[in-house]
Amino acid sequence: MKVGDDARQEYFAMQLIKEFNTIFKVKKLRLLLTPYEIIPIGANSCMLEMVQDATSIDALKKTLFSTYNRTISLFEFFGMYFGKHNINSARKNFCYSLAAYSLVCYFLQIKDRHNGNILLHKDGRIVHIDFGFLFTTAPGKGVELEKKVPFKLLSEYVALLGDKARSFVFQFRK
């Protein structure tokens, strides 16, 4: 359940994401979106489908810090979690989902993309949640810094795509 935000906007954003997902599939693009169900039950409340096998990047980083008593980058985490046999598949999933959500965030002008609003799935793909900042809508105080940024592309993401995985950087740009 989610209460206090404009549930109709969350629902509308997810309907658009589902349409983008359909377009990507029809055009046979290797872009990964993870639509989930949102059911408004009032103007300011909705039921959300839980994204199985995923956690927010924020929660993951906090858990890693408390476990290892230091900051663990996504690059290092992928190496630890996926190992050398599965890391390339996980990086591909990360790349294709990052590219897909970057496009969606650009087209829909989705802002407020902090690590609490981005999930990491157990297969390496990312999933965006919480669409309170859509088009020109910004509840409360707007996010001034993000107004000029079309989508979130952190150096940590580039490090995960690049370094020993230059082909993923090429795929992302493609």
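Q: What makes D53 and F94 contacts of L120?
A: Contact means heavy atoms within 4.5 Å. Leaving aside neighbours within four places in sequence, L120 meets that with D53, A54, T55, I57, L60, L74, F77, F78, F94, R125 and I126. This is a predicted model, where local features need pLDDT of at least 70, side-chain atom pairs count only at pLDDT 80 or more, and totals for chains, interfaces and linings use all residues. Residues are numbered from 1 along each chain as its sequence is written, and side-chain values use heavy atoms, with hydrogens and water left out.

Q: Why is H128 called buried?
A: Buried means under 20% relative accessible area (exposed is over 50%, partly exposed in between; 1.4 Å probe, protein chains only). H128 has a relative accessible area of 5%, so H128 counts as buried.

Q: How do you know that the side chains of H128 and R113 make a polar contact?
A: A polar contact is a pair of N or O atoms within 3.5 Å; within protein, one must be able to donate a hydrogen and the other to accept it, and residues adjacent in sequence count only if both atoms are side-chain atoms. The side chains of H128 and R113 make such a contact at 3.1 Å.

Q: Which residues touch the most other members of the largest nonpolar core?
A: They are L33, F78, F94 and L120, out of 43 residues in this core. A nonpolar core is a set of buried Ala, Val, Leu, Ile, Met, Phe, Trp, Tyr and Cys residues joined through side-chain atoms within 4.5 Å.
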